[in-house]
Amino acid sequence: MDKETTEAIAADKTVGFPMPSPSSAAAAAAEFPEKLKEEDALLYEVECVPPWYMCLCLGFQHYLEMLGSTVACPFILTPALCMDNDDPDKANIISTLVFMSGIITLLQCTLGTRLPIVQGGSFSYLVPSLAILTLPQWRCPDDAQRAAMTPHEKTELWQVRMREIQGAIIVAASVQVVLAATGLVGFLVRYVTPLSVAPAITLIGLSLFRNVTEQCAKNYGVAFATVALLILCSQHLRKVQASCPCFPEKKFPLFQVFPVLLSVATIWTICWVLTATDTLPVGDAARTDVKLKILEGAPWFRLPYPCM
């Protein structure tokens, strides 16, 4: 052993960090990936191709996850547009948004960056849209005046506000197109860091807190039950293996893969039972038949067109 090696060993012992033996270092290196693999195990990795039936179930769950945020945009915006809760046009707005979301997602997955995400409505436009609709000239008339209006007048009441918001969104989207096409985004990224983006996203979420609580206040029991069941399935039952009746010898992490699907299906089934037995009073927001008028009044097939 040369002099430099001896001095290095002595220095390690002096500061209190003894050098590990080669055998212990190799054992620790082999043990670490195993622990990491057990804690963050993935059922399907990036290059894996799930079976077709699994793709259908996972795709439907992904649709339910994006549907909540996509449908939330018109549900938050339509009251400010002076639209009645049971207006069939609300279904037309929702169907238009979902239809365009599907088209943009297909374009993004084929011609775009091919990110495994669903392109939906942006909550960033809600805050300025609500700010515009709170101006004195766009405030909604009182209930007595709206009750005296004809169906055509009610339609024109919200459509004129929709045109105002539509024009503002078109201008804002045009600015985004210019920034992306000219490459200015790459220049702005040097100055727009996550430290500035994170507070902006947080403020957008906090500004919508009032609208979300208004929706949850219609039935706090169902709202909290859905959240609690989702947390239970995704966090506490994710390691529970369930077996299929057709294949009892095979185990499947049901709660880890389908937490949203199980939570929504369970709560909706409970609400359906409570509705069928008239346990929930008529008009309660948790009843499954509370929006039947919208479903019956909306057309089954409808093709949206630009600037409609």
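At what angle do the axes of H11 and H13 cross, and within what distance do they come? The views below take up this pair and its surroundings in a predicted model.

**View 1. Helices H11 and H13 cross at roughly 145°.** Their axes come within 9 Å. The crossing is right-handed. On the H11 side, the contact residues are Val222, Ala225, Thr226, Leu229, Leu230, Cys233 and Ser234. On the H13 side, they are Pro259, Val260, Leu262, Ser263, Thr266, Ile267 and Cys271. Sorted by class, this contact holds 10 nonpolar and four polar residues, and no charged residues. An α-helix has 3.6 residues a turn, so residues three or four places apart point the same way.

**View 2. Helix H11 covers residues 220–236 and has a capped N-terminal end.** The cap is Asn219. One of its side-chain oxygens lies 3.2 Å from the backbone nitrogen of Gly221.

**View 3. Helix H3 meets helix H13 in a left-handed crossing.** H3 runs over residues 52–77 and H13 over residues 259–276. Their axes come within 9 Å and cross at roughly 70°. Angles of 65 to 115 degrees count as roughly perpendicular, and H3 and H13 are therefore roughly perpendicular to each other. H3 contributes Phe60, Gln61, Leu64 and Glu65. H13 contributes Pro259, Val260 and Leu261. By class, the contact of H3 with H13 has five nonpolar residues, one polar and one charged. Pro259 and Val260 also meet H11.

**View 4. Helix H5 packs against helix H7 at an angle of about 135°.** H5 spans residues 126–133, and H7 spans residues 151–181. Their axes are 10 Å apart. Is the pair oblique or perpendicular? H5 and H7 are oblique to each other. H5 passes H7 in a right-handed crossing. From H5, the contact takes in Ser129, Ile132 and Leu133. From H7, Arg161, Glu164, Ile165, Ala168 and Ile169 take part. The class count for H5 with H7 is five nonpolar, one polar and two charged residues.

Terms used
Residues are numbered from 1 along each chain as its sequence is written. This is a predicted model: local features need pLDDT of at least 70, side-chain atom pairs count only at pLDDT 80 or more; totals for chains, interfaces and linings use all residues. Side-chain values use heavy atoms; hydrogens and water are left out. Helices (H or I, at least four residues) and strands (E, at least two) are DSSP runs, numbered from the N terminus. The expected span of a helix is 1.5 Å times one less than its number of residues. A polar contact is a pair of N or O atoms within 3.5 Å; within protein, one must be able to donate a hydrogen and the other to accept it, and residues adjacent in sequence count only if both atoms are side-chain atoms. Axes are lines fitted to C-alpha atoms, for helices over the stretch in contact, and angles run from 0 to 180 degrees between N-to-C directions. Angles under 35 degrees count as roughly parallel, over 145 as roughly antiparallel, 65 to 115 as roughly perpendicular and the rest as oblique. A crossing is left-handed if the near helix is turned anticlockwise from the far one by less than a right angle, and right-handed if clockwise. Contact means heavy atoms within 4.5 Å. Ala, Val, Leu, Ile, Met, Phe, Trp, Tyr, Cys and Pro count as nonpolar, Asp, Glu, Lys and Arg as charged, and the others, Gly among them, as polar.
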